[in-house]
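Please look through the sequence and the structure shown here.

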Amino acid sequence: KSAVPVNLTTIIQDANGREVARQIEKDVTAKGEHATVSQTMKVSAPVLWSDERPYVYKVISQLDQGGRIADRYETPLGIRTFRFDVAKGFFLNGKPVKIRGVCDHHDLGSLGAAVNTRAIERQLEMLKQMGVNGIRTSHNPPAPELLDIADRMGFIVMDEAFDMWKIEKTTYDYHLDWDEWHKRDLEDMVLRDRNHPSVIIWSIGNEVMEQWDKNPTGGTIAKELGAIVRRLDPTRPITSACNGVSRD
């Protein structure tokens with residue numbers, strides 16, 4: 001209920017639960033409602049995350065006050081590099097990788113839109129057996145459970161935020177909430193998902209109506225959304241699934 005100093009201990013564990021790095025920041029005190037702490041840690045000879053060998057570490061953030069653990073949070077960590085080359089394609093850990101992807105809508109057939117972790121896992125198991133290694137979360141932020149499984153099973157994910165922007169597709173869709181909620185919703189998605197090694201690209205829209213020439217507001221909105229994403233995560237590229245861009 002009041003600002004008191006705490007110690008922040010950050011621990012990195014490998015897939016077997018063995019500690020491979022640790023950092024302690026002592027006497028952290030909030031200024032206002034928040035405290036910002038920066039820590040740098042090194043993992044020697046890391047096992048790299050990939051679609052073929054999805055090795056996941058765990059980051060444990062632990063707050064203690066007077067020798068008592070007051071809070072504890074676990075975050076997935078996959079160590080990898082990637083880049084897109086305009087001539088040669090996608091590279092993961094320096095190796096060229098062909099992304100064999102699907103658009104994976106969040107509903108689960110007859111089970112509906114409610115999250116069922118085992119059903120998601122079963123779906124991704126079947127996709128893996130088909131040779132799929134990429135998922136586009138069409139056309140909304142995915143369930144956290146899906147990204148956890150994608151980290152563990154080795155899927156390359158395009159994390160998609162919106163199915164429409166300010167101009168409606170149907171009468172009662174998200175356009176009614178756009179002005180009030182789009183900034184908060186996009187920020188929440190990036191902050192929630194940015195530590196998942198499976199996520200390699202953000203998508204800010206799907207076939208949005210603003211892409212047409214008669215609606216020139218599309219460029220302005222795209223710049224706004226891109227700036228929001230880059231402020232929170234400058235490490236990944238950004239795209240939008242446009243289906244009718246004029247070539248003029």
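The model is a predicted one. The buried residues in question are Trp178, His182, Leu186, Glu187, Met189, Val190 and Asp193. Around the axis they take up an arc of only 160 degrees, and therefore they sit on the same side of helix 3.

The length of helix 3 can be checked as well. With 16 residues at 1.5 Å a residue, helix 3 should span 22 Å, and this agrees with the 21 Å between its end C-alpha atoms.

Apart from neighbours within four places in sequence, Leu186 has contacts with Ala161, Phe162, Leu225, Ile228 and Val229. Leu186 is also among the residues with the most contacts inside the largest nonpolar core, along with Leu124, Phe155, Phe162, Trp165 and Leu225; this core has 30 residues. At least two residues of the core come from each of helix 1 (117-130), helix 2 (144-153), helix 3 (178-193), strand 11 (199-206) and helix 4 (217-232). In soluble globular proteins, nonpolar side chains tend to be buried together.

Next comes the start of the chain. Strand 1 (residues 6-13) pairs with strand 2 (residues 19-28) over seven bridges, in the antiparallel sense. Here Gln13 is placed opposite Glu19 of strand 2. The two strands form a hairpin with five residues between them, and in this hairpin Gly17 has a positive phi near 85 degrees.

Positive phi values also occur at residues other than glycine. Ala45, which is not a glycine, has a positive phi of about 45 degrees. Ala45 belongs to the loop between strand 2 and strand 3 (57-65). Its relative accessibility is 72%, so Ala45 counts as exposed, the cut-off being over 50%. Asn93 is not a glycine either, and its positive phi is about 55 degrees. The loop that holds Asn93 runs between strand 6 (89-92) and strand 7 (95-96). Asn93 counts as partly exposed because its relative accessibility is 23%.

Ser138 and His139 are joined by a cis peptide bond, with omega about -5 degrees. His139 is in the loop between strand 9 (134-136) and helix 2.

Technical notes. Residues numbered from 1 in each chain as written. Predicted model: local features only at pLDDT ≥ 70, side-chain atom pairs only at ≥ 80, totals over all residues. Heavy atoms only, no water. Core = buried A, V, L, I, M, F, W, Y, C linked by side-chain atoms within 4.5 Å. Buried < 20%, exposed > 50% of the residue type's maximum accessible area, 1.4 Å probe, protein only. Helix = DSSP H or I, 4+ residues; strand = E, 2+ residues; numbered from the N terminus. Contact = heavy atoms within 4.5 Å. Expected span 1.5 Å × (residues − 1). Arc of directions from axis to C-beta. Pairing = 2+ DSSP bridges.
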